[in-house]
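Hi,

Here is the structure I said I would pass on. Have a look at it first, and my notes follow below.

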Amino acid sequence: MTGPAVIVVGTGIAGLVAALRAERTHTVTLVTKAELGESNTRYAQGGIAAVMFPDDSVDSHVEDTLASGAGLNSREAVEILCAEGPERIRDLLALGVEFDREHGVLSRGREAAHSRARILHAGGDATGAGIESALVRAVRSSGVRILEFTFVRDLLVTDGRVCGVETVDATGTVSRLDADAVILASGGAGQLYSHTTNPAVATGDGAAAAFRAGARLADVEFYQFHPTSLAVPGNFLVSEAVRGEGALLLDAAGRRFMADWHPDAELAPRDVVARGIARQMAAQGGTPVLLDATSLGGPFLAERFPGIDRVCRAHGFDWSRQPIPVTPAAHYWMGGIETDLWGRSTLPGLYAVGEVASTGVHGANRLASNSLLESLVFAWRSVDSLGLPWPEDDPAADTVLHSPATSPGEPFERAELQALLWADAGLFRTAEGLQHARSRLGGWGAPAGDSFAALEDRNLLDLARLLVDAALDRRESRGAHYRDDFPHPDERFARHSRVRATPLQSALAPAKDTSHALV
């Protein structure tokens, strides 16, 4: 299609949907630093939540989402998500996504903190892969220009408006791509932590580039830890849906323990279950807890969760006969680039959709299986708003200023950063631990060079500093952010945290590192 130029960065569900929809009216270039389709979407097991059945309601889905968000959701954003979600599911069906059916009718499951069974799956526990493969086929047969193995190093900004991106390819060649709009759909930053369910590509590149360019980020301290990853190298995710089907969590002695922490036990909100598991692990010397799915039977487990079944058996576990060891792992970032209800950031010309965005849908804690739906709904809305007048930015008096990392400083290894954040800014946080992390991070310098690894490490360092500072400033516990020294919610902090970079002459010329200060 010939028309205004749009660059879409990222090839998960958000990026693929945005590219497909924009291609109808725009010239679209789709950029990914890996192969097409390598993203968090591909690994999503649990499913996608939507009101598709007569015994469910949009109001019920809204209330479940608000309850999980611990008071920080945007109700308007949540209502849009839940009301527009069913039509977007029908769009996926039209694109060839094969959701699971029983006797020709869509089948559904229930997951933690949902009051109704409304979770659609594809291929049992391969929902993300099923959606991704259908969207990749559609994109490859479209007129979208695809640039694989191309890293977006920075955004280009002219007169306060994003006008393109600067890229580096696998050979080290630096290029400039101009555009009328850039849609970031580059995913989360699970690689901040030593234990994560995210793939290796999840290094927060889009959020870091947006921050350096001057866009405002919000709620960066809220990182969700999935309660149950298989306690083996790689932290393979064991879907929430397994507990939704009736699996139980046991301590080392074989006793159910989650009822000690929440009346919903295994089906409590994710942050509660993750912390309950972490506390139980600490009480038993750090050994993993056990997930007991033996009551579900081997045939059911193999059919309903074929991917998990395969991985368990590959590691020597017959989970139809024995409980399997599980541990929490970093899973989903509620924070990100602050956007309005149309995916527009505070920087004109820059849109953000999917996990890289902070739309207000998830609040302080994401409800299970809402992330794919959010990507789908807001990717669609962002394209619908292309070309519309940009809204005036509210300066937001509570915005904190922070400078990007600069090259001077001690070199660091990525594993050091990941271990530091896991220990001091993970499931349990304290002022002492966060101050320690801030001091260590402040002494490290951004890596030099344009290798993909160096660019990723620069981005991780920028985001680690932002996350730690925001966690220090939030002197309460809320949703996925838990402070051992402030273990209860505090209404003085019932607000969003916001941060942006100190004004720079250019997004490509970082200023000297300074302490952050309130505007």
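H103 is exposed, because its relative accessibility is 79%, and the cut-off for that label is over 50%. Keep in mind that this is a predicted model. H103 sits in the loop between β4 (101–102) and β5 (105–106). As background, most residues other than glycine have a negative phi.

A70 is another one to look at. Its phi is near 55°, again a positive value in a residue other than glycine. You'll find A70 in the loop that runs between α2 (58–68) and α3 (75–94). How exposed is A70? With 27% relative accessibility, A70 counts as partly exposed.

The other thing I looked at is a pair of helices. Helix α11 (residues 414–424) packs with helix α13 (residues 452–473) at an angle of about 20°, and their axes are 11 Å apart. Angles under 35 degrees count as roughly parallel, so α11 and α13 are roughly parallel to each other. Their crossing is left-handed.

Which residues make the contact? From α11 they are R414, L417 and L421. On the α13 side they are A453, E456, D457, L460, L461, A464 and V468. Sorted by class, the contact of α11 with α13 has seven nonpolar residues, three charged ones and no polar ones.

Cheers

Notes. Residues are numbered from 1 along each chain as its sequence is written. This is a predicted model: local features need pLDDT of at least 70, side-chain atom pairs count only at pLDDT 80 or more; totals for chains, interfaces and linings use all residues. Side-chain values use heavy atoms; hydrogens and water are left out. Axes are lines fitted to C-alpha atoms, for helices over the stretch in contact, and angles run from 0 to 180 degrees between N-to-C directions. Helices (H or I, at least four residues) and strands (E, at least two) are DSSP runs, numbered from the N terminus. Angles under 35 degrees count as roughly parallel, over 145 as roughly antiparallel, 65 to 115 as roughly perpendicular and the rest as oblique. A crossing is left-handed if the near helix is turned anticlockwise from the far one by less than a right angle, and right-handed if clockwise. Contact means heavy atoms within 4.5 Å. Ala, Val, Leu, Ile, Met, Phe, Trp, Tyr, Cys and Pro count as nonpolar, Asp, Glu, Lys and Arg as charged, and the others, Gly among them, as polar. Buried means under 20% relative accessible area, exposed over 50%, partly exposed in between (1.4 Å probe, protein chains only).
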